[in-house]
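Hi,

Here is the structure I promised to pass on to you. Have a look at it below, and then read on for my notes on its disulfides.

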Amino acid sequence: MSAAVRLFLDGQGLKARAQLSAIADAARGDPAVRTRALATLLEICRRMQADACVAERTQAYVDAVVPSADPAERLRQALEADYRVNAARLAIGSKAALDEAMSDRMWTVDGPGAGLSYLRRRALRADILLAAGSRQEAERAVSEVLAIAGSATGREAYDIATVLADMLANLVQLGAYERAFGIYTASAPFITAVLPPRTPEALLFHRTAANLLEAVDDGEGAAREVDAVLAGLATVELDPHVRDGLAGWALSLKAVLCNETPDCGVRALADHPLAALYQTPGRAPAGLDEVAYLTARAVAAVRARQHDAIAAAALRGPLGFKPEAQDRVAVEAYRQAGEAMALPIGSAKNQASVQLGARVRALATADALPGAWYRPGVFDNLLLGLALIPSTRQLSDPETAFALIQLSSRAGPGFDADAMTLLASARDPGQRRLAHDGLRLRARRDRLEQAAIADMIRRIAAAGPGQRFTYDTARLANLATRNEALAVADKALLKARLTASGANVVSLQALRGVLKPGEAALAHVPMGSGVVYACVRREGLTIVTARPDTSRVSIDARLLQQALSATHAPDEAADSQFPVAAAVRLYDLWLRPFEPCLRPGDHAIWIAPLVSTGGTPLGVLLPRPPPRRGEGYDLAAADWFARSHPISYAGSASALVAARSARGQPPTRAFLGVGDPVLDGQDAEAVRRAGLGPLPETAAELAASARAFPDAQVLTGPAATETGVRAALAPGARLISFATHGLMRNEVEGVSEPALVLTPTAGGPHDGFLTASEIADLTLPADFVALSACNTANLEFSRIAQDLPALSSAFAQAGARSVLGTLWPVNSQTSATVVAALFADLSRPSRGPAAALAKAQHDHLATPPSRAHLHPRFWAPFIILGDGGAR
């Protein structure tokens, strides 16, 4: 039998099954050998997804088991036989079989004392619930399995890796992409290292990884995983229907993802197992896989500038099957997309594309599990682009067009408005507490779950020979308690009709309703080779589509970022240099199409993610070059975008609507300042190793900012500990300033999320880092929070553009309406002047943060300390995230 197992691990599963079948048949007179052979055969069949083998051989296994006289062994035998019977029911897959599996009373006998069997049985139960369409119960079962796995210790790495890969596949199928991605990040290296590369489990894990990475808009990563599946299929024995299914899935996705040449998709689909069925017209799609194949064919044909009449006819015609309830919306969207792409250019194609917009919107806004917020993947973005361009040209349905723009902006990393929207939808303080508690519980559960899996992987690596497989029951109970509390919170949110999942788009009418006179919300949405520019005012929606030259965007952004992050001393000659041509080209790309909609002095509200500009602030872009001055430019005459417009980065339309719909009054205390942490002691060694030193100048900055507020409180030096700051934040403040280092993820060893640096306390309960998750746990109904000394380390703009919004989002979840952040190392003199002027202006209740920052920057440009300080590296690192308008 061990030889058969080695064959399976070497990719020869069919030969292994033949050997095991022969051993079992030859051992009819030896129940012990026959039982072991059949158990091994069934396990290999299950891992190969050979459902017929599982269904056919299970009864033989049950019949071969001879009950033991020992009660404990007899219970183990019963649990193992029950596992095999329920695996067979899952393989059969009929409603009756699945109902029998779900109602099996043996599930209640499970417990940690059963060792590895407990983990495997609970994983099987999760698979059965998902196959039966019980999505919420399946999600809870997956949570249970992950809790069990996270508490395990032993040397059974292969079995644990298989279970983790299976649960990741379930989360992806459930649409819980963000949770799945967190677990994938924690476990993928372990799973990849442990699963033998020539096993079906390895291929299936690559498939799960591809589906997950495609869903989070990582097309390159997904393509690598697809190629790994296709390469593996050449070395792994599988049943023909399993091989065809995997090959068909891989080639369909490859056709959508590939971009090497215009015809790469057509070439990929030439080897598709379904290609022979659609060489001539007349066939009706017989399953979801055929609909996906035909849609991929239509995508490939459009890219190759071909017309696929067979795909168009098949997608337009009747279906040859009845889609499952959870697949109906997707099937209709794919059929509509395939039809729109397969039609030749003309009015029929445009009409089909407009109709596709409504289908895609329905697909994105379909019911989802709590916490499963919609993110468009690579294929969804293709559908959105196909629907959006015709919708914007005709604009017959502005609401749908605006919804598609918002959906497109949800791709990839960015400022997350979902939590804010949930909080803002609360109708009273009690509901807000309910929403906040739900967010906190989910965030804590996810962090604990990922940490438990990472710890489990370390324990398995350190396990000695012969170590028994066990569970840490205290850890398991803690994880189980978190899951139970979250399930209760989710039910309470559902009962209160508070939406905690989905696409989180707002209506055009809702956005127009919260905009004030003199405000314009701007969305920039790249779509293939084109860009959609949407400008929303109280008066209505203006949309422009263009095909700008983007060939130099990366180079131009890098030139600007290098100029802005320069750290040399102020020098009039050197600081008259600026990459003006790059600033003008980026203005052409990101802002010029908005000019017909923008009016002088308008508050420009960017409702696309900050990463859409790579972290380059819009305020430093130029509509035209300034006059030359010597070998440089007369920057005093530069028409910076920031001169004409206050700017804020709301992140999304829903974030802005949520912030302006939030109820409640701000705290009575006006100002709280925190800064100048003590960083010269032994407890701050990790901070110093990261190149982050003391900030004594921030004490003066905070004192200057506090002058306008008689009731101001300022914590500096030894008082700026995490304990002291938490106590000061408890009663809150309308305006808060953190003049301290802001850390990006993993910038300091052991700090895996964005954080603010405070004075560490030896032996105290806090480590001196106020992390994003800890900030989100606070109750902080502030109007404005300034992070005025953030990012003093020299980091990549793209990384800051991802992590700075994470800090802003954490403050937003805590209750803050807007946040001031910095995009590159700040000049202390300028920072003190600009920030103090900003807070002085905010002492006027009618003033909003964006207007206050614009005035402070205008004042600096009017009376700079020297001509060198006209360079935007001194005055432009500050940006407003969130709602920059007046309350």
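The link of Cys-535 and Cys-597 is left-handed, with -60° about the S-S bond. This pair ties together distant parts of the chain, 62 residues apart. Cys-535 sits in strand S4 (residues 530-537), while Cys-597 lies in the loop between helix H26 (580-590) and strand S6 (603-606). The S to S distance here is 1.9 Å, and both Cys-535 and Cys-597 are buried. Please keep in mind as you browse that this is a predicted model.

Is the link of Cys-45 and Cys-53 right-handed or left-handed? It is right-handed, with 60° about the S-S bond. Cys-45 is buried, and Cys-53 is buried as well.

Then there is the disulfide formed by Cys-258 and Cys-264, whose sulfur atoms are 2.2 Å apart. That distance falls within the 2.5 Å cut-off for a disulfide. The link of Cys-258 and Cys-264 is right-handed, with 95° about the S-S bond. Buried is also the word for Cys-258 and for Cys-264.

To place the links along the protein chain, count the bonded cysteines in order: the disulfides follow the pattern 1-2, 3-4, 5-6.

Enjoy exploring, and write back whenever you like.

Best wishes

How values were computed
Residues numbered from 1 in each chain as written. Predicted model: local features only at pLDDT ≥ 70, side-chain atom pairs only at ≥ 80, totals over all residues. Heavy atoms only, no water. Buried < 20%, exposed > 50% of the residue type's maximum accessible area, 1.4 Å probe, protein only. Helix = DSSP H or I, 4+ residues; strand = E, 2+ residues; numbered from the N terminus.
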